[in-house]
Amino acid sequence: MPAAGLKTIIALSFVLAVGFLLVILSCALWKVYYPLLVVATYVLAPVPNWICGQCANPDDFVESSGAAILDLGRFLTGFFVVMGIALPVVLANSGLIQVEAMIMSIIGGLLIYGTIISFGMFFQEDQEF
C-alpha cells in the first residue's frame with residue numbers, strides 16, 4: 001500500500017478543487033444549478049460501501065460471512081456512480097442544461113469521486129489481529 005505524503009495530499013486536494021470548479025462552472029456559466037446534484041451523488045457514493053463494510057462480519061474460518069451485505073454496498077455505490085454520470089445526460093437530453101454543462105459536470109463529478117476513492121485508498125489503516 002503506498003504511503004501518503006504531503007505531495008499526495010496536495011495533489012489530491014488540487015484534483016478535488018478542479019473537480020468542484022468544473023461542476024460549479026457548469027452551473028454558473030449557464031445560470032442553471034441542476035448539475036450541483038452530481039456533487040451530492042458522488043459524495044454519497046462511497047457511503048453505502050463503507051457502511052456495509054463496517055456491518056459485515058469478517059471471519060477467518062467462514063469465507064462467505066457477510067458477503068451479501070458487501071455485495072449490497074457495492075451495488076448501491078455503483079448505482080450512485082452511474083446516477084452521477086446519467087443525471088447530467090438526462091438533464092441535457094430534456095433541455096434543462098446545455099451539452100457543455102453536461103460534459104463539465106460529468107468530468108468534474110468523476111474527478112470528485114476519484115479523489116474521494118484515492119483519499120480512502122491512501123489513508124486506509126491496516127487492520128491488525
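Visitor: What share of the 129 residues in the protein is buried?
Guide: Happy to start there, and please keep in mind that this is a predicted model. A residue counts as buried when its relative accessible area is under 20%. By that cut-off, the buried share of the 129 residues is 28%.

Visitor: Which residues of α2 are buried, and where do they sit around the helix?
Guide: The buried ones are Val-38, Val-39, Thr-41 and Tyr-42. Looking down the axis of α2, they fall within an arc of 165°, so they line one face of the helix. As background, an α-helix has 3.6 residues a turn, so residues three or four places apart point the same way. The answer is Val-38, Val-39, Thr-41 and Tyr-42, on one face of α2.

Visitor: Which helices do the buried residues of α2 pack against?
Guide: Contact here means heavy atoms within 4.5 Å. With that cut-off, the partners of the buried residues of α2 are α1, α3, α4 and α5.

Visitor: Which residues of helix α3 are exposed on the face turned away from its buried side?
Guide: Let's find the buried side to begin with: in α3, residues 46-55, Pro-46, Pro-48 and Cys-52 are buried. They cover an arc of only 165° around the axis, which puts them on the same side of α3. These buried residues pack against α2, α4 and α5. The face turned away from them carries the exposed residues Trp-50 and Gln-54.

Visitor: Is Ser-105 buried or exposed?
Guide: Ser-105 belongs to helix α5. Leaving out residues up to four places away in sequence, Ser-105 touches Val-23, Ser-26, Pro-35, Val-38 and Pro-88. Its relative accessibility is 0%, so Ser-105 counts as buried.

Visitor: How far apart in space are Leu-44 and Val-81, C-alpha to C-alpha?
Guide: Leu-44 is a residue of helix α2 and, at 43% relative accessibility, is partly exposed. In sequence, 37 residues separate Leu-44 from Val-81. In space, their C-alpha atoms are apart by 9.2 Å.

Visitor: What share of contacts between residues at least 6 apart in sequence joins residues at least 24 apart?
Guide: This counts pairs with heavy atoms within 4.5 Å. Among contacts between residues at least 6 apart, the share that joins residues at least 24 apart is 73%.

Visitor: Why does the pair of Phe-119 and Phe-123 count as stacked?
Guide: The whole structure holds three aromatic pairs. In the pair of Phe-119 and Phe-123, the ring centres are 5.9 Å apart and the planes lie at 20°. Phe-119 is partly exposed at 24% relative accessibility, and Phe-123 is partly exposed at 40%. Planes under 30 degrees apart count as stacked, so the value that decides it is the plane angle of 20°.

Visitor: Which residues form a nonpolar patch on the surface?
Guide: The accessible surface of the protein comes to about 8500 Å², and 70% of it belongs to carbon and sulfur atoms. The patch has about 380 Å² of accessible area together, and its residues are Phe-20, Ile-24, Tyr-33 and Leu-36.

Terms used:
Residues are numbered from 1 along each chain as its sequence is written. This is a predicted model: local features need pLDDT of at least 70, side-chain atom pairs count only at pLDDT 80 or more; totals for chains, interfaces and linings use all residues. Side-chain values use heavy atoms; hydrogens and water are left out. Buried means under 20% relative accessible area, exposed over 50%, partly exposed in between (1.4 Å probe, protein chains only). Helices (H or I, at least four residues) and strands (E, at least two) are DSSP runs, numbered from the N terminus. The arc is that of the directions from the helix axis to the C-beta atoms. Patches are made of residues with over 30% relative accessible area and no salt bridge: like charges are joined within 9 Å, nonpolar side chains (Val, Leu, Ile, Met, Phe, Trp, Tyr) within 5 Å. Accessible areas come from the Shrake-Rupley method with a 1.4 Å probe; for residues, only the protein chains shown count as cover. A salt bridge is a side-chain nitrogen of Lys or Arg within 4 Å of a carboxyl oxygen of Asp or Glu. Rings of Phe, Tyr and Trp (its six-membered ring) pair if their centres lie within 6.5 Å; planes under 30 degrees apart count as stacked, over 60 as edge-to-face and the rest as tilted.
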